[in-house]
Amino acid sequence: MRSDDTGIGSAAAPEVNSGRPHAVVIGSGFGGLASAIRLAARGYRVTVLEKLDAPGGRAYTFHQDGFVFDAGPTILTAPHLFRELWEICGRKFEDDIDLRPIDPFYRIRFNDGTAFEACADEERTRAQIARLCPEDLEGYERFKKASEEIFAAAYTRLAEEPFHRLSTLVKAAPDMIRLGGMRSVYAKVSDYFSDERLRIAFSFHPLFIGGNPFAATSYYCLISHLERKWGVHYAIGGTGALVRGLVKLITEQGSKLRFNSEVDEILTREGHVVGIRLISGEIVSCDLVVSNAETGWTYSRLLRNTPRRVWTDRKVAAADYSMSLFVWYFGTNRRYEDCPHHTIVLGPRYEGLLKDIFRRKVLADDFSLYLHRPTASDPSLAPEGCDSFYVLSPVPNLDSQTDWAVSAEEYRNQIATRLEEVMLPGLRDSIVTERLMTPVDFRERLLSTKGAAFGFEPKLLQSAWFRPHNVSSDVKGLYLTGAGTHPGAGVPSVLSSAKVVDRLVPDAAGWCRQGAVS
């Protein structure tokens with residue numbers, strides 16, 4: 001544990017066996033941390049096991065040469081989901097976290113040089129639409145209503161609803177049919193906008209959660225309303241500040257976090273979880289497991305010696321996985337004051353590029369980028385007078401057979417050229433520190449099947465009941481949280497998955513111990 005970097009210390013509370021049932025949480029991403037808090041509040045003795053040397057999973061924090069880089073999620077919505085976790089612990093969120101709204105939410109720069117800013121102010125939004133295509137103003141008003149209606153049906157009613165029973169899907173089907181859930185996000189958005197730039201601006205959101213706007217169910221149009229309803233926020237200190245805050249809650253509950261503790265196998269007896277084995281060979285007995293590991297890895301690797309009827313190796317391998325990401329983290333010795341906190345830099349193609357990424361699985365010559373400059377809001381993440389950045393490009397997962405050991409440096413150079421042209425003049429001469437993350441890192445470091453950045457691709461037949469359930473269909477005492485289960489990827493969904501697990505796990509007081517590993 002790098003206590004000098006994280007400020008968390010060892011993050012390991014002494015384990016006291018009080019006779020309470022023992023829950024093991026595999027992985028310390030947001031889903032695992034939120035699940036640990038909820039389990040402890042239910043009376044469980046909790047141990048969180050993390051492969052890496054510090055918490056966060058995809059929300060890990062890199063510290064390098066005086067710069068701070070959040071590795072993963074940076075666009076934070078639905079802050080009430082974090083506040084709930086503090087309330088569960090009898091604490092006040094604001095005592096630990098300085099969360100601030102960002103407006104505009106992000107700027108979209110189109111390839112023709114025009115731009116659109118997603119923002120909280122409706123008059124500003126309407127003015128931008130009028131500048132790009134005044135004929136689409138009426139369609140925008142209709143789209144807002146449609147997005148809100150989908151939000152009410154798909155998010156408010158279903159995001160925290162367990163979907164392990166077919167009857168839940170049957171009850172939800174009429175709304176899905178009525179609201180056009182069988183269509184794609186792009187097809188739905190095209191009903192309301194004629195200008196291609198606006199179609200892109202209001203349809204790209206599934207990419208935030210690993211989805212293809214031309215294949216993801218139109219239910220994901222709800223993201224547009226979610227942003228307007230709760231805004232986009234930033235935690236001072238970065239996303240890592242939220243991770244540290246959650247870890248503090250967990251340790252104050254008396255739970256235990258262990259780092260550099262990779263799980264090799266979930267152990268079962270007669271179809272019921274009885275413990276886990278670490279890569280080191282150590283066995284930890286437990287009554288239940290909540291896996292925040294990638295779902296495909298959980299079933300195909302961690303349960304490799306356990307008979308499975310539903311999520312067999314064949315089914316896991318046959319699933320469609322999300323795209324991956326190429327991420328370049330860099331710090332500059334100057335500040336780029338004209339660069340906002342969040343920018344999306346679009347390339348010359350939209351549908352064609354997405355087809356290359358999701359279906360053809362080829363690394364294209366062109367790309368679209370998301371540029372994150374947290375020092376626009378929080379200069380403390382870089383030395384004085386400097387900026388901290390990361391830029392990511394959606395790329396195919398490892399089914400593409402791209403040799404990233406050969407391709408990474410050239411791809412980085414192409415991105416640098418593009419950023420210098422449109423956003424960051426003189427970038428190459430200003431860089432003082434950098435690091436890369438490729439699909440290979442998602443596979444090796446984060447144990448993601450095929451190096452997919454978001455697990456299963458969020459399309460209709462891999463959503464809700466069709467997604468791996470929050471309670472395992474194959475093993476009793478195994479629960480799943482995180483991006484690979486219901487309701488899906490993205491910070492709000494991952495935190496909601498922990499709420500679903502909370503509803504499914506029995507009270508600790510009523511738990512009947514099934515046995516332990518000898």
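User: Is D366 buried or exposed?
Analyst: This is a predicted model, and in it D366 is buried, with a relative accessible area of 16%.

User: Which residue does the D366 side chain meet in a salt bridge?
Analyst: R349. The side chains of R349 and D366 meet at 2.8 Å, N to O. The pair links distant parts of the chain, 17 residues apart. R349 sits in the loop between β15 (342–345) and α14 (351–360), and D366 in the loop between α14 and β16 (369–372).

User: And R349, what does it count as at 31% relative accessibility?
Analyst: R349 counts as partly exposed at that value.

User: How many salt bridges does a search of the whole structure find?
Analyst: The search finds 40. One of them joins R91 and E252, with 2.5 Å from N to O. R91 lies in the loop between α3 (80–88) and α4 (93–96), while E252 belongs to helix α11 (residues 239–252), so this pair ties together parts that are 161 residues apart in sequence.

User: What is the relative accessibility of E252?
Analyst: E252 has 47% and counts as partly exposed. R91 is also partly exposed, with a relative accessible area of 24%.

User: Which residue forms a salt bridge with R373?
Analyst: D387, the closest N and O atoms being 2.9 Å apart. R373 lies in the loop between β16 and β17 (387–395) and D387 in strand β17, so the pair ties together parts that are 14 residues apart in sequence. Both R373 and D387 are buried.

User: Which residues are linked in a network of salt bridges?
Analyst: R38, R42, E84, K499, D502 and D507 are linked that way. As a general point, side chains of opposite charge can pair when their charged atoms come close.

User: Changing topic. What is the order of the strands in the open sheet?
Analyst: The five strands run β9-β2-β1-β13-β19, with parallel pairing. The edge strands are β9 (256–258) and β19, each pairing on one side only. From one strand to the next the twist averages 20 degrees.

User: How many bridges join β1 to β2?
Analyst: Five, and the two strands run parallel. Within that pairing, V25 stands opposite V48 in β2.

User: And how many join β1 to β13?
Analyst: Four bridges join strand β1 (residues 22–26) to β13, again in parallel. V24 stands opposite V289 in β13. On to β19 (residues 478–480): β13 pairs with that strand over three bridges, in the parallel sense. The bridge partner of V290 in β19 is Y479.

User: Which way do the residues of β13 point?
Analyst: L288 and V290 point one way from β13 (residues 288–291), and V289 and S291 point the other way. All of these are buried.

User: Which helix lies across β1, β13 and β19?
Analyst: Helix α12 (residues 295–302), running at about 150 degrees to β19.

User: Now the core. Which residues of the largest nonpolar core touch the most other members?
Analyst: I108, F116 and F202, in a core of 68 residues. Helix α6 (residues 137–156) contributes the largest share of this core, eight residues.

User: What does F116 touch?
Analyst: Not counting residues up to four places away in sequence, F116 touches Y106, R107, I108, F110, T125, Q128, I129, L132, L198, A201 and F202. In soluble globular proteins, nonpolar side chains tend to be buried together.

User: What is G43 in contact with, leaving aside its neighbours within four places in sequence?
Analyst: R20 and A508. The C-alpha atoms of G43 and H22 are separated by 9.4 Å, and these two residues are 21 apart along the chain.

Methods:
Residues are numbered from 1 along each chain as its sequence is written. This is a predicted model: local features need pLDDT of at least 70, side-chain atom pairs count only at pLDDT 80 or more; totals for chains, interfaces and linings use all residues. Side-chain values use heavy atoms; hydrogens and water are left out. Buried means under 20% relative accessible area, exposed over 50%, partly exposed in between (1.4 Å probe, protein chains only). Two strands pair if DSSP finds at least two bridges between them. Contact means heavy atoms within 4.5 Å. A salt bridge is a side-chain nitrogen of Lys or Arg within 4 Å of a carboxyl oxygen of Asp or Glu. Axes are lines fitted to C-alpha atoms, for helices over the stretch in contact, and angles run from 0 to 180 degrees between N-to-C directions. A nonpolar core is a set of buried Ala, Val, Leu, Ile, Met, Phe, Trp, Tyr and Cys residues joined through side-chain atoms within 4.5 Å.
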